[in-house]
Amino acid sequence: MAALPRQTAAPESDGATKPLVSVLVRSTDRPTLARALNSIGSQTYPAIEILVVSASGPAHSSLPDKWHNRPLRFLSSNAKLTRPVAANVLVASANGRYLNFLDDDDEFLPNHVQTLVDALMRTEHKRLAYSICRVYDSEGVDRGRLGKAGHHLLMFHQNRFAIHAALFDRSLIDQGVRFDTKFDRLEDLDFFVACGARTSFEFVPEETCVWNAFDGQSGMGFDSNFDSSKQQRFTQMIREKWRKQFEKWGKDPEGILAVAESAAAFGRLDVSAKLLGKIRDISWPDEALRGRVTALSSLLNGASATAAR
């Protein structure tokens with residue numbers, strides 16, 4: 001049988017078309033799945049398909065073919081799937097022009113998809129847009145925000161946004177970007193480094209999603225959902241795999257500045273000063289970059305003066 005043509009746009013009632021967005025859900029059939037699906041159903045953006053893969057295997061409960069009138073495809077599995085394998089099943093099955101993950105214990109705010117689609121439609125050369133995520137603990141208490149602008153070199157240390165805060169163009173998948181099955185943890189960071197090797201990212205300074213980081217069992221969240229040994233092991237694996245790419249980004253003065261700013265923010269002023277020394281005398285062509293260098297210099301000089309008293 002011939003393959004069906006891929007649907008990349010959905011009609012609206014006024015005759016215009018919107019790019020189709022595939023929202024990809026790795027599910028272990030937790031009670032929070034309905035909440036996650038409801039947050040997709042409540043999106044203001046009209047052209048969405050929902051894909052749910054049974055990462056927990058054949059015991060997963062069945063799902064309807066629509067959720068809040070959104071088309072839903074349930075991808076069953078005869079065995080349990082690791083996080084990267086489940087993600088690859090989803091991207092291989094998606095029809096959308098744009099793709100966005102949402103794990104079954106997290107949530108979108110109603111404007112999430114529309115905001116990020118608009119951001120990508122405004123730029124010609126960027127193929128991934130991301131936003132700010134609200135971080136809640138297991139009691140629903142607001143514990144902060146995740147998501148900030150930054151250079152790709154910062155991914156040497158950590159991801160600067162949650163996986164579900166990012167919407168990306170399927171052309172990245174068509175170019176071969178996939179989840180590396182060796183990474184049972186930090187598979188999203190590895191995936192985004194691969195994306196970063198191919199495109200710039202667009203940061204949208206708006207809160208559009210929720211990360212329930214204290215729930216789950218990945219070991220990559222907080223409190224009981226944090227495993228430092230796993231974090232260190234998989235971080236080192238990523239650094240080794242992408243060593244040449246990080247070295248390339250590390251030659252970019254803007255990348256060095258970003259890491260210097262990050263080091264200062266975490267109180268590592270000696271590291272920040274050393275990095276700043278490498279780029280202080282550069283003739284920065286951009287006024288905003290010159291302002292960042294001046295601000296960081298002032299912060300470090302002030303800290304040095306205070307320490308000398």
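The following legends describe close-up views of a predicted model.

**Figure 1. Phe101 and Phe179 form an edge-to-face aromatic pair.** The model contains 13 aromatic pairs by the ring-centre rule. In the pair shown here, the ring centres of Phe101 and Phe179 are 5.3 Å apart and the planes meet at 80°, so the geometry is classed as edge-to-face, the class for planes over 60 degrees apart. Phe101 belongs to strand E7 (residues 98-101), whereas Phe179 is in the loop between helix H4 (171-174) and helix H5 (187-196), so the contact ties together parts 78 residues apart in sequence. Phe101 and Phe179 are both buried.

**Figure 2. Tyr130 and Phe161 form a stacked aromatic pair.** The distance is 4.3 Å centre to centre, with 20° between the planes. Tyr130 is part of strand E9 (residues 126-136) and Phe161 is part of the loop between strand E10 (142-146) and strand E11 (166-169); the pair therefore ties together parts that are 31 residues apart in sequence. Tyr130 and Phe161 are each buried.

**Figure 3. Nine-residue listing of one aromatic cluster: Phe101, Tyr130, Phe161, Phe168, Phe179, Phe191, Phe192, Phe201 and Phe203.** The members of this cluster include Phe101 and Phe179, the edge-to-face pair. Tyr130 and Phe161 also belong to the cluster, and these two rings are stacked.

**Figure 4. The charged end of Arg239 sits over the ring of Phe156.** The separation between the charged end of Arg239 and the centre of the Phe156 ring is 4.1 Å.

**Figure 5. Asp29 and Asn69 are loop residues with positive phi values.** Asp29 has phi near 65°, a positive value in a residue other than glycine. This residue, Asp29, is located in the loop between strand E3 (21-27) and helix H1 (33-41). Asn69 occupies the loop between strand E5 (66-67) and strand E6 (70-75). With a relative accessibility of 64%, Asn69 counts as exposed, a class that requires over 50%.

**Figure 6. Ser138 and Phe214 have C-alpha atoms separated by 5.5 Å.** Along the chain, Ser138 and Phe214 are 76 residues apart. Ser138 lies in the loop between E9 and E10. The relative accessibility of Ser138 is 47%, so this residue counts as partly exposed.

Methods: Residues numbered from 1 in each chain as written. Predicted model: local features only at pLDDT ≥ 70, side-chain atom pairs only at ≥ 80, totals over all residues. Heavy atoms only, no water. Phe/Tyr/Trp six-rings, centres within 6.5 Å; stacked < 30°, edge-to-face > 60°. Helix = DSSP H or I, 4+ residues; strand = E, 2+ residues; numbered from the N terminus. Buried < 20%, exposed > 50% of the residue type's maximum accessible area, 1.4 Å probe, protein only. Lys NZ or Arg CZ within 6 Å of the ring centre and 35° of its normal.
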